[in-house]
Amino acid sequence: MIASTLACVLVPIFLCAATGSAIGSRARLPGADTLVGCGLLGGLLAILAVTTRLPLSWIMAGLAIGSGLALLVRRQFPGARATWIAVALLSPILVKAAAHQPAAWDDFWNWLPSAAYEYYHNSLPWPDLPPSLSIFPGYPQGMPLMIAAASFIAGRFLESAGPAINVVLLAASSALLAETFTAALIRHGRLQQTAIPPVLIAGAVLVTTLLNPGLDGSVLLSSYADCGTMVAVGALGLLGVEILARSSHDAADVNGLAWRFGFVGAMLVNLKQANAVLFALVMVGLLIVVLRDASIRIRDALLQVPRMLAPAILVFGVWRWYVAKYLPNSEQAFRDFASWNFDALRFTLASIGGYIAEAPVFHALMWSVTVAGVYFLFRSPRKPGEVQWLAIICATVWLGYNVFLLTVYIGAMSQSDAHGAADYWRYTPHVALLGLYVPFLGLARARWPAWMNPRNAVASLAAMALALCVLSLRSDIAKPSGTAWLRFVRDAVAEMKPLIPPGSKVAILSFSFPNSSPFGVAVRYHLWQLDAAEQPIATTIRWDERDLAAVTRSASPGDYLIIQDADGDMRDATNTLGLPPLNHELALFGWRAGAWERIKSWPIPPALIHSDS
């Protein structure tokens, strides 16, 4: 099953790389082929899916044929050597990802329901189809569509396709970093041959994985679009400074590189609703560099802007049209200015301070690079280059994105989410690679001792061996939290489902730790008949203890109740509902003769009791 999953994931990835290889010349930085192809094919898929009613599988098959033709015409190996070496070095993590079961909150809340809908209905949501099971079906569908594509190839829904895709995207970003670093070494006279030394590929893999303080194992091994967002933002930074460097040196294929930047931008805006802001901030950072650095010819640089903007604007505009016309109120939206949570600002800032204290290395890196970027902005060195430009871009994006997040907390999120600065730990790493690349690229201009030879075979073997050991060196990837608890829930619900007739109403009590445990949304996800035309079991999650009276008051014969006490004492809840005490168990109750009657219970393993996992 793992080999089958990997094969079904790698087929669309290879097709994306084949399509991306058709954009630009042989000097195109082929490590970006996969990301460029994801932007081009993903953008075309989204546009065709919302402007026609053709089945998604038909559109995907047509795009696959086009990818094959592009490969035959251009006859360039997609991704070149660096991409597939990086994939091989990350193969232990890739195998882990292909075997991973969903365990993250938004896996059950948004991303997997969206992907399952597209696979089983062979369509995006439309008014004449059953409603999507996702909480925000209006979010861009780049990641769900990739999961659906792998599922069509497999002939079954692949829940683990998302984590495997995330790992391959990290490999692609590693290849692009190695190629950009090699190009910088050649420009600065530190490397004569254009072939990338294996040690640089392995080093780039280590930078994006082992040394990346913004990489979280639970996010990597999920279907979240956050890892793809981090990769795309970092790639835009690298491609942007490479465009500037080639422009200032009159190098070849600047136009092709600008188009590739544009298609990676299309990938970025096709992943998450707020990513258009990140794309705009990267463009602002690049424009600041162009206007500030006298070594860059402003006119030549500005001529590339239409190519860099057009793909992302087209994808973003068509998707916004579709959501506004067919899926209103299906995404996060700002409230009226009068109802913003300004009184929550001090609590939001306090929560952000807590997140910073929990991740000091990551925030020290980002703020150090930001300070350096501001310094370079006002005190430009005599010979500015990739490092200074990228630092200025990073500072622009980091400061602008933090301001944007504060605005979202106050103007769009609920009072409780604003107080807790919800998911700040997950949003800010979108800029992580952009910050991490600055000191790494700085090595291209540093004076290396004689023993640091990139062509050294021993150094290459040592770096590659270390890259292969990343899985064992990062416990958050090797043993992500929450998996044991969610595996127990999954197995229990699988036994529970045959006991609940279609058409029943089920109340799920999930108020012990609603902000940390995905128990409620996981149970609801596993109760859904994702392959059915309509949802046969109507589920309601009760998030608040004040809802308990309503659970009993609205109960009728044939209704069911699911409750568990792994997260804390539930005696108040069971007393209010008239239930027998729970003894460390997950229990299913049915409404019979005016009272809740136990149908079956599942003992919770002792290791999972009183734990967020």
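Predicted model: local features only at pLDDT ≥ 70, side-chain atom pairs only at ≥ 80, totals over all residues.

Reader: Where does Ser351 lie?

Author: Ser351 lies in helix 16, which covers residues 345–358.

Reader: And how far apart are Ser351 and Tyr424 in space, C-alpha to C-alpha?

Author: They are 8.8 Å apart, although 73 residues separate Ser351 and Tyr424 in sequence.

Reader: You mentioned Ala421. Where is the place of Ala421?

Author: Ala421 is in the loop between helix 19 (415–419) and helix 20 (424–427). The phi of Ala421 is near 45°, a positive value in a residue other than glycine.

Reader: Is Ala421 buried or exposed?

Author: Ala421 has a relative accessible area of 0%, so this residue is buried.

Reader: Which other residue can you show me with a positive phi?

Author: Take His584, where phi is near 50°. His584 sits in the loop between helix 28 (571–577) and strand 4 (585–592). With a relative accessible area of 33%, His584 is partly exposed.

Reader: Helix 28 came up there. What can you tell me about Thr576 in helix 28?

Author: Thr576 lies in helix 28, and a polar atom of the Thr576 side chain is 2.8 Å from the backbone oxygen of Asp572.

Reader: New topic: helix packing. What describes two packed helices?

Author: Two packed helices are described by the angle between their axes and the distance between the axes.

Reader: Then at what angle do helix 4 and helix 9 pack?

Author: Helix 4 (residues 80–89) and helix 9 (residues 198–208) pack at about 55°, and their axes are 10 Å apart. That angle makes helix 4 oblique to helix 9. The crossing of these two helices is right-handed.

Reader: Which residues make the contact?

Author: On the helix 4 side, Arg81, Ala82, Ile85, Ala86 and Leu89 take part, and on the helix 9 side Pro198, Ile201, Ala202 and Val205. By class, the contact of helix 4 with helix 9 has 8 nonpolar residues, no polar ones and 1 charged.

Reader: How do helix 4 and helix 8 cross?

Author: The axes of helix 4 and helix 8 (residues 161–187) cross at roughly 135° and come within 8 Å. Helix 4 is therefore oblique to helix 8. This crossing of helix 4 and helix 8 is right-handed. The contact joins Ala80, Ala82, Thr83, Ala86 and Val87 of helix 4 to Ala171, Ser174, Ala175 and Glu179 of helix 8. Sorted by class, the contact of helix 4 with helix 8 has 6 nonpolar, 2 polar and 1 charged residues.

Reader: Is the crossing of helix 17 and helix 18 left-handed or right-handed?

Author: The crossing of helix 17 and helix 18 is left-handed. Helix 17 spans residues 360–378 and helix 18 spans residues 386–411; their axes come within 7 Å and cross at roughly 115°. Among the residues that meet are Phe362, His363 and Met366 in helix 17, and Gln388, Ala391 and Trp398 in helix 18. The contact of helix 17 with helix 18 divides into 13 nonpolar, 4 polar and no charged residues.

Reader: Which residues is Thr428 in contact with, leaving aside its neighbours within four places in sequence?

Author: Thr428 is in contact with Phe362, His363, Trp398, Asn402 and Leu405. Thr428 is in the loop between helix 20 and helix 21 (432–442). The relative accessible area of Thr428 is 1%, so Thr428 is buried.

Reader: Last one: is Ser21 buried or exposed?

Author: Ser21 counts as buried because its relative accessibility is 1%. Ser21 lies in helix 1 (residues 2–21), and a polar atom of the Ser21 side chain is 2.6 Å from the backbone oxygen of Ala18. Not counting residues up to four places away in sequence, Ser21 touches Arg28, Asp33, Arg74, Gln76 and Pro78.

Notes: Residues numbered from 1 in each chain as written. Heavy atoms only, no water. Axes fitted to C-alpha atoms, helices over the stretch in contact; angles between N-to-C directions. Helix = DSSP H or I, 4+ residues; strand = E, 2+ residues; numbered from the N terminus. Parallel < 35°, antiparallel > 145°, perpendicular 65-115°, else oblique. Left-handed = near helix turned anticlockwise from the far one by under 90°. Contact = heavy atoms within 4.5 Å. Nonpolar A, V, L, I, M, F, W, Y, C, P; charged D, E, K, R; others polar. Buried < 20%, exposed > 50% of the residue type's maximum accessible area, 1.4 Å probe, protein only. Polar contact = N/O pair within 3.5 Å; in protein donor to acceptor, adjacent residues only side chain to side chain.
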